[in-house]
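Reader: Hi! Could you walk me through this one while I have it open?
Author: Happy to, let's look at it together.
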Amino acid sequence: LVARMRPFGTTIFAEMSALAVRTGAVNLGQGFPDTDGPPEMLAAAAAAIRDGANQYPPGPGTPGLRAAVAAHQRRFWGLDYDPDGEVLITAGATEAIAAAILALCEPGDEVVCFEPYYDSYAASIALAGAVRRPVTLHPTDDGRYGFDPAALRAAFGPRTRLVLLNSPHNPTGKVFTAAELGQVAELCQEHDAVALTDEVYEHLVFPDAAAPHIPLATLPGMRERTLRISSAGKTFSCTGWKIGWVSGPAPLVGATLRVKQFLTFAGGAPLQPAVAVALGLPDSYFTEFLAGQLQRRDRLVAGLREAGFEVLRPDGTYFVTAGIDALGGRDGIEFCRELPARCGVVAVPTQVFYDDVEAGRRIIRFAFCKRPEVLAEAVTRLHGLR
Ligand code: PMP
Ligand code: GLN
């Protein structure tokens, strides 16, 4: 194995899901829903397979899906992208992130990101031979997460090439406010950096959040330097389909396509028309999806508090982070490895998503995108910790 990949072992998600299978624990670790997405989308995929959409689709994605992605962004965020040249379909957001980083970073270039960061960021940055410059998110007095603006400024320098921003943010559930996005935008422009925005949770911002979802690309001067990334997995409960997309100015999307051609070339032929159907569903789909996740959030947040965790209520995503201090937890990895034996529940430690391991050592993450009866069972089991 090449040196630059040696620090990366098995992903925490694979480890913890295997632990759940082995122990029969309720799996609130890896973030995937336990119900299927919209029936119209599922039917469209079945019909596409039956009707012969089973060979390579065009490398940049089917024209129908590219048009649907552009229409969706116009409809929800007022962003205009040309489906021919400014939209690219990828194998999930994961491939979009990897291809963009590989396309834009020379060895030694620096990528500013917030930590805890989604685990594929660090690996993709390493594969490119680039260097990550993490800015730590810390719990704040209002029960959310924030960062020190001076630390953000200090993370930028002459080698900064990219800023990788995930909002709504996994694992903290933070939704970046207009003021915070303004700081990021200003520094991007000052340092002539490109922004890669991971917005896979764009439809999962709760009504009581500190801010609505604001795509960074909508800020003045940012559209021309931002690659927006999203995917179908979260919004349409089809994480196994791995249909994602990138939108942005043609030169940046074209660079990403140049790399993507040789990673997977293309994928998901029958799934692409089905995701196009889903993106065009009426507003009621999106509001009901959010309302369902809000109920789940509130159920799990209450249950975790009853069980003795210090919960930071998330503004977005379907994850909640919880401090383990009050339960005597000293190390999240140890705590999560023991949790199935102690009470039959699986969670993931967040310290694996930090360079500053101490900042996350006693915070773990639960996913609440599960059926109400599954959450109820998990809460009953967690009560056993007291
Ligand atoms: N970014 C974030 C923040 C995620 O949580 C995930 C995982 N679900 C991804 C990217 C990957 O998305 P996909 O499954 O579409 O590759
Ligand atoms: N995004 C999901 C999570 O954060 C899992 C993705 C994965 O397993 N790679 O839990």
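Reader: Great! How do the axes of H4 and H9 cross, and within what distance do they come?
Author: The axes of H4 and helix H9 (residues 250–263) cross at roughly 115° and come within 8 Å. Axes here are lines fitted to C-alpha atoms, for helices over the stretch in contact, with angles running from 0 to 180 degrees between N-to-C directions. Helices (H or I, at least four residues) and strands (E, at least two) are DSSP runs, numbered from the N terminus.

Reader: Before we go on, what kind of model is it, and how is it numbered?
Author: It is a predicted model, where local features need pLDDT of at least 70 and side-chain atom pairs count only at pLDDT 80 or more, while totals for chains, interfaces and linings use all residues. Residues are numbered from 1 along each chain as its sequence is written, and chains are lettered from A and ligands numbered from 1 in the order in which they are written.

Reader: Thanks! Is the crossing of H4 and H9 left-handed or right-handed?
Author: The crossing of H4 and H9 is right-handed. A crossing is left-handed if the near helix is turned anticlockwise from the far one by less than a right angle, and right-handed if clockwise.

Reader: And which residues meet there?
Author: From H4 there are Glu-95, Ala-98, Ala-99, Ala-100, Leu-102, Ala-103 and Leu-104, and they meet Ala-255, Thr-256, Arg-258, Val-259, Lys-260 and Leu-263 of H9. Contact requires C-beta atoms, placed from the backbone, to lie within 7 Å. By class, the contact of H4 with H9 has 9 nonpolar, 1 polar and 3 charged residues. Ala, Val, Leu, Ile, Met, Phe, Trp, Tyr, Cys and Pro count as nonpolar, Asp, Glu, Lys and Arg as charged, and the others, Gly among them, as polar.

Reader: What about H4 and H5, at what angle do they pack?
Author: Helix H4 (residues 92–104) and helix H5 (residues 119–127) pack at about 30°, with their axes 9 Å apart. H4 and H5 are therefore roughly parallel to each other. Angles under 35 degrees count as roughly parallel, over 145 as roughly antiparallel, 65 to 115 as roughly perpendicular and the rest as oblique. H4 passes H5 in a right-handed crossing. Thr-94, Ile-97, Ala-98, Ile-101 and Leu-102 of H4 make the contact with Ser-120, Tyr-121, Ser-124, Ile-125 and Leu-127 of H5. That contact has 7 nonpolar, 3 polar and no charged residues.

Reader: Switching to ligands: how many residues surround ligand 1?
Author: 14 residues surround ligand 1, and the closest are Gly-92, Ala-93, Thr-94, Asn-170 and Ser-231. A residue is near a molecule or strand if its C-beta atom, placed from the backbone, lies within 6 Å of it. H4 gives the largest share of this shell, 3 residues. The shell around ligand 1 divides into 3 nonpolar, 9 polar and 2 charged residues.

Reader: And what surrounds ligand 2?
Author: Thr-11, Phe-13, Gln-30, Gly-31 and Asn-170 surround ligand 2. Its shell has 1 nonpolar, 4 polar and no charged residues.

Reader: Asn-170 again! Which peptide bond from Asn-170 is cis?
Author: The bond from Asn-170 to Pro-171 is cis, with omega near 10°. Pro-171 is in the loop between S7 and H7. The peptide bond from Ser-167 to Pro-168 is also cis, with omega near -10°, and Pro-168 lies in the loop between strand S7 (160–166) and helix H7 (178–190).

Reader: Last one: what is phi of Lys-242?
Author: Phi of Lys-242 is near 55°, a positive value in a residue other than glycine. Lys-242 lies in the loop between helix H8 (232–235) and strand S10 (243–247).

Terms used: Two residues are in contact if their C-beta atoms, placed from the backbone, lie within 7 Å.
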